[in-house]
Amino acid sequence: MTTFSKPMVMTERQRRFRETYRANISPFYNGLLHVSVMYAVGVSLLVYCINQLDQATWAWMMVLPVALAGNFGEWAMHKYVMHRHIDVFALRAIYDRHTRQHHQYFTDTDYTIDSVKEFRIVFFPWRVLTVLGLGGGAVALVCSYAFGANAGYIAYMTVIGHYVLYETFHFCCHIQENAFVRNMPFINTIRRHHAAHHNLGIMMHKNMNLTFPLADWFMGTSDVKRSLLGTLFNGFDEKHVDPALKPLIEKFRDSQVQQDSATLDGPLLNAQERAALGGV
Ligand SMILES: [Zn+2]
Ligand SMILES: [Zn+2]
């Protein structure tokens, strides 16, 4: 059983990349430690903030604008930083790690991991949580000056909660198929949505959300053409995939095409294929 109706196939190109990547993981890397620290810090921050709240009532309304901004922020970061080569130190490192490593390690024909060691290629490094912790702190400070301390703590919890959700959802995209990822609403949607994003033909342009595909729906970058509710609750359904994208998706599942036309920086596309992706 797989997310897509087709069986998993690892192409030669992907197998070679995985082999080299795995061989270069430091022997000191510990996947469980990596993930435990991330969750321990994330959950501690959430618990700390909730304990600071003092009769927060209307302040909970802060969740809505901050989560909405977070959803579009996640989309924009993915589209304009993780998939755009900008030759500035930290931005280049993010691009390298995502487009040139994560997207070579996983494709839409084999997007799962087999070992804890591979957490290295799935979860962000700790410094992302540090940057987000500080950035979220700045947002929270502004909110607390404007609307009071409760609003500040709730805004911070929304930022950190979003990050923990992002990592968890992304993890659920790359583990082996099971009943939970197949049946859990939202998780099943993002698993298919993200696995489709890993297609080497459409990866630079489609399916940029990693939590709820809200910004993708709004910006027209979802591979499925459905209503908002249909998109959010799409699950594994492949019926609504944009017919204009289907030939491109199919083409880049082929081993020889990957060999000839997929580069570390994305696919080589013709004018018709670029038009199908929205003229980009
Ligand atoms: Zn991924
Ligand atoms: Zn990506």
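This is a predicted model: local features need pLDDT of at least 70, side-chain atom pairs count only at pLDDT 80 or more; totals for chains, interfaces and linings use all residues.

## Surroundings of Arg-120

Once residues up to four places away in sequence are set aside, Arg-120 touches Ile-25, Tyr-29 and Gly-31. Arg-120 belongs to helix α5, which spans residues 119-122, and this arginine counts as buried because 21 C-beta neighbours fall inside 10 Å, where the cut-off for a buried residue is 20 or more.

As a point of reference for distance across the model, Arg-120 and Leu-228 are separated by 108 residues in sequence and by 33 Å in space, taken from C-alpha to C-alpha.

## Packing of α2 against α7

Two packed helices are described by the angle between their axes and the distance between the axes. For helix α2 (residues 31-52) and helix α7 (residues 149-174), the angle is about 155 degrees and the axes are 9 Å apart. Angles over 145 degrees count as roughly antiparallel, and α2 and α7 are therefore roughly antiparallel to each other; their crossing is left-handed.

On the α2 side, the contact is made by Met-38, Tyr-39, Gly-42, Leu-45, Leu-46, Cys-49, Ile-50 and Gln-52, while α7 contributes Tyr-153, Tyr-156, Met-157, Ile-160, Gly-161, Tyr-163, Val-164 and Glu-167. By residue class, the contact of α2 with α7 comprises twelve nonpolar residues, three polar ones and one that is charged.

## Nonpolar cores

The largest nonpolar core holds 20 residues, and of these Met-62, Ile-154, Ala-155 and Tyr-156 touch the most other members. At least two residues of this core are supplied by each of α2, α6 (126-147) and α7, with the largest share, nine residues, coming from α7.

Ala-155, leaving aside its neighbours within four places in sequence, is in contact with Met-62, Val-66, Val-139, Ala-140 and Cys-143. There is also a second, separate core of ten residues, among them Ile-202, Met-203, Phe-252 and Ala-262.

## The enclosed helix α9

Helix α9 (residues 187-197) is largely enclosed by the rest of the structure, because ten of its eleven residues are buried. The buried residues of α9 are Asn-188, Thr-189, Ile-190, Arg-191, Arg-192, His-193, His-194, Ala-195, Ala-196 and His-197, and they pack against α7, α8 (179-183) and α11 (228-232).

Methods. Residues are numbered from 1 along each chain as its sequence is written. Chains are lettered from A and ligands numbered from 1 in the order in which they are written. Axes are lines fitted to C-alpha atoms, for helices over the stretch in contact, and angles run from 0 to 180 degrees between N-to-C directions. Helices (H or I, at least four residues) and strands (E, at least two) are DSSP runs, numbered from the N terminus. Angles under 35 degrees count as roughly parallel, over 145 as roughly antiparallel, 65 to 115 as roughly perpendicular and the rest as oblique. A crossing is left-handed if the near helix is turned anticlockwise from the far one by less than a right angle, and right-handed if clockwise. Two residues are in contact if their C-beta atoms, placed from the backbone, lie within 7 Å. Ala, Val, Leu, Ile, Met, Phe, Trp, Tyr, Cys and Pro count as nonpolar, Asp, Glu, Lys and Arg as charged, and the others, Gly among them, as polar. A nonpolar core is a set of buried Ala, Val, Leu, Ile, Met, Phe, Trp, Tyr and Cys residues joined through C-beta atoms within 7 Å. A residue is buried if 20 or more other C-beta atoms lie within 10 Å of its own, exposed if 12 or fewer, and partly exposed in between; C-beta atoms are placed from the backbone.
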